[in-house]
Structures are given as C-alpha cells and as structure tokens.
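Please have the sequence and the structure side by side.

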Protein chains: 2
Amino acid sequence: MKLPASTEWLLHCATTLAQLEPGATASAAQLADYYDLPAPYLAKQLQALVRAGVLAATTGPRGGFQLGRPAADITLLHIVKAVDGASSPYQCKEIRQQGRGALPQEECRRTCVLAEKMAEAHNAWRRSLAGVSLADILASLPPSAPARTRSRLAGIPRSTQPR
Amino acid sequence: MKLPASTEWLLHCATTLAQLEPGATASAAQLADYYDLPAPYLAKQLQALVRAGVLAATTGPRGGFQLGRPAADITLLHIVKAVDGASSPYQCKEIRQQGRGALPQEECRRTCVLAEKMAEAHNAWRRSLAGVSLADILASLPPSAPARTRSRLAGIPRSTQPR
Ligand code: FES
Ligand code: FES
C-alpha cells in the first residue's frame with residue numbers, strides 16, 4: 001500500500017505557495033528548482049491541484065501558481081485526494097458470495113461486516129487528514145520561514161533553464 | 001494506494017476459522033474451495049498468518065489451520081499487517097533538505113510537520129483496525145452462521161481435488 005511519491009511534492013509545494021504574499025505566484029520551474037524535482041512531471045501534478053481547486057493557475061510573464069482559496073480552507077486531505085483520489089485501499093470483491101461457502105443473496109443486502117470495518121478505518125484516516133489545514137501547517141513553522149521562502153523563490157528564474 | 005487482494009481472503013479465512021469447534025482445523029484446500037480461491041497462493045498467504053501468530057498450522061491427515069490464539073486477541077490490524085506489513089503508505093524522502101529551498105540541517109532534526117501529520121493519519125487507521133477483534137466480527141454474525149460454516153466446511157475434502 002503506497003501513495004505516489006508526488007504526494008510529498010505537492011504537500012510541500014502547496015505549503016510553499018501558502019507562504020507567498022497575496023496575489024504573488026510561483027511557476028512550476030521555480031517550485032521544481034526549489035525542491036530539485038523533475039519540472040515537467042511536477043507541472044502535471046500541479047495541474048491536478050488546480051483541477052481540484054486547491055491551486056489557481058495564471059498565465060503570462062508573471063503567471064504561475066497560487067492558492068485557489070484561503071490556506072485555512074485547504075486540508076491535507078484535499079491535496080492527497082487530488083494526487084491519488086484517496087479511494088479506500090481495501091477492495092471488497094464480495095468473496096462471501098462465491099465458492100462452496102457462498103451466502104444466500106438475502107444475507108448479502110448489507111455491506112459485509114469486514115468491508116464495513118475496513119471502510120471505517122479508511123474514514124478515520126481521511127478524518128485525520130481533513131483535520132489539518134495548510135493554515136495549521138504554516139502556524140507550526142518558525143516565524144522566519146515565510147520571508148526566507150519568498151526570498152529564495154525570488155532568486156529562482158521563473159522559466160525553465162537548460163541544466 | 002491499494003492493499004493486496006489477498007487481504008479480503010485472509011480476513012474471511014480467519015473469520016471462518018474462528019467459527020470452528022476448539023481444536024478443529026481446516027486445510028488450505030478446504031478454505032480455497034469454500035471461497036473459490038487459488039489454493040496454492042492462498043496456502044502461501046495463510047502461512048504468513050501463521051508466522052504472525054494469528055493462525056497455527058498442524059500437519060498429518062487431520063491437520064490444517066486453526067486460530068493461533070483466542071479470537072478476542074486477534075484484531076483486523078494483526079491480519080492486515082501480516083499480509084502487507086501495514087507500513088505507512090506515505091513515504092517522506094526529506095525533500096525539505098534538497099534543491100534551492102533546502103533547509104539548514106539544524107532545522108531538520110525533528111520530523112517534518114507534513115510527514116508527522118501523514119503518520120498521524122496512518123496511526124488513526126491502525127487504531128481503528130486494532131479496535132476490532134475477530135470476536136467482535138463473530139458477535140455481529142447471525143447466530144446460525146457458525147453451525148452452517150462448520151457443516152459446509154465438513155462437506156469439502158481436506159486435500160486438493162483435481163478440478
Ligand atoms: S465480502 Fe468482501 S469483505 Fe466480506
Ligand atoms: S520533508 Fe518529507 S514530508 Fe516534509
């Protein structure tokens with residue numbers, strides 16, 4: 001059971017964008033350089049966050065990515081969901097209905113208790129992630145972090161450089 | 001993020017074994033027929049539960065699998081863990097320490113707050129599964145279920161039949 005490696009990228013990029021001045025943006029190339037990530041693949045993943053409303057993208061020479069709504073309204077679940085769908089890792093194939101032990105159909109109207117308990121665990125995971133916003137994450141950073149983040153980002157060219 | 005398909009098999013097989021009379025066993029071939037599963041692969045997975053102490057295996061003509069400890073002491077987490085290790089689906093590669101945004105080492109002695117929150121969510125999932133025992137699952141079945149399970153199992157030959 002694994003989440004895509006890009007989950008870490010996007011959690012960090014969203015945290016970085018949450019530290020910009022209102023209205024400021026960062027390009028995919030800047031974020032890729034900031035974390036030493038493959039720019040084209042990162043750009044694709046950032047677009048998934050745009051589709052989810054977590055980020056907004058603007059075009060033009062000063063264009064780039066910014067938060068799509070206030071940091072307090074973006075939870076870790078929103079981000080993880082945009083990358084992986086956050087569907088349950090458990091797949092019930094209704095094996096109670098197959099083989100020599102197959103249960104009569106009338107006993108299978110309700111969800112199997114095992115599938116139900118696995119779903120409850122997944123909901124506990126989701127609830128935990130839904131309880132943490134980007135604003136909470138920012139509040140846990142050292143007070144000097146946002147200014148440093150902004151100045152380092154400003155030092156990176158906005159468009160991809162040959163490397 | 002996916003758990004192996006055999007997770008469902010083992011949750012159900014353990015639930016089935018929990019319904020046997022004390023001391024009784026069922027063979028891998030019987031369980032495979034009971035749920036219409038591939039016997040050799042199921043046998044391998046059942047051995048993982050034996051290694052985890054969830055099941056005990058006996059040999060000989062009446063040999064087979066039984067619970068390795070009381071149903072009240074076997075949780076869904078024990079079973080899921082035996083199949084997949086139940087390690088966190090989130091992998092932190094310490095991207096905060098790489099690229100142009102790399103944090104100074106002295107700010108990285110504590111776990112990254114994002115990795116910490118992802119770990120908390122995984123712990124919530126684990127706690128949820130650890131809170132449900134096979135005894136709880138049995139208690140939720142219709143009272144007539146164990147007798148039916150036993151009689152159906154008894155009707156299946158103990159050794160693999162050519163199919
Ligand atoms: S039938 Fe799928 S978990 Fe029980
Ligand atoms: S460095 Fe890995 S989650 Fe922050």
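Are A:Tyr34 and A:Tyr35 buried or exposed? Both A:Tyr34 and A:Tyr35 are buried, where buried means under 20% relative accessible area, exposed means over 50% and partly exposed lies in between (1.4 Å probe, protein chains only).

## About the model

This is a predicted model, in which local features need pLDDT of at least 70 and side-chain atom pairs count only at pLDDT 80 or more, while totals for chains, interfaces and linings use all residues. Residues are numbered from 1 along each chain as its sequence is written, chains are lettered from A and ligands numbered from 1 in the order in which they are written, and side-chain values use heavy atoms, with hydrogens and water left out.

## Aromatic pairs

Rings of Phe, Tyr and Trp (its six-membered ring) pair if their centres lie within 6.5 Å; planes under 30 degrees apart count as stacked, over 60 as edge-to-face and the rest as tilted. By this rule there are 4 aromatic pairs over all chains. In one of them, the ring centres of A:Tyr34 and A:Tyr35 are 4.9 Å apart and the planes stand at 75°, so the pair is edge-to-face.

In chain B, the rings of B:Tyr34 and B:Tyr35 also make an edge-to-face pair, with 4.9 Å from centre to centre and 75° between the planes. B:Tyr34 and B:Tyr35 are both buried.

## The hairpins

Helices (H or I, at least four residues) and strands (E, at least two) are DSSP runs, numbered from the N terminus, and two strands pair if DSSP finds at least two bridges between them. In chain A, β1 (residues 55-58) pairs with β2 (residues 64-67) in the antiparallel sense over 4 bridges, and A:Leu55 stands opposite A:Leu67. The hairpin has 5 residues between β1(A) and β2(A), and A:Gly60 in the turn has a positive phi of about 100°.

Now look at chain B: its β1 (residues 55-58) and β2 (residues 64-67) are antiparallel over 4 bridges, with B:Thr58 opposite B:Gly64.

## How the chains meet

With contact taken as heavy atoms within 4.5 Å, 58 residues of chain A touch 58 residues of chain B. Between the chains there are 4 salt bridges (a side-chain nitrogen of Lys or Arg within 4 Å of a carboxyl oxygen of Asp or Glu). One of them joins B:Arg148 to A:Glu107, with the closest N and O atoms 2.7 Å apart.
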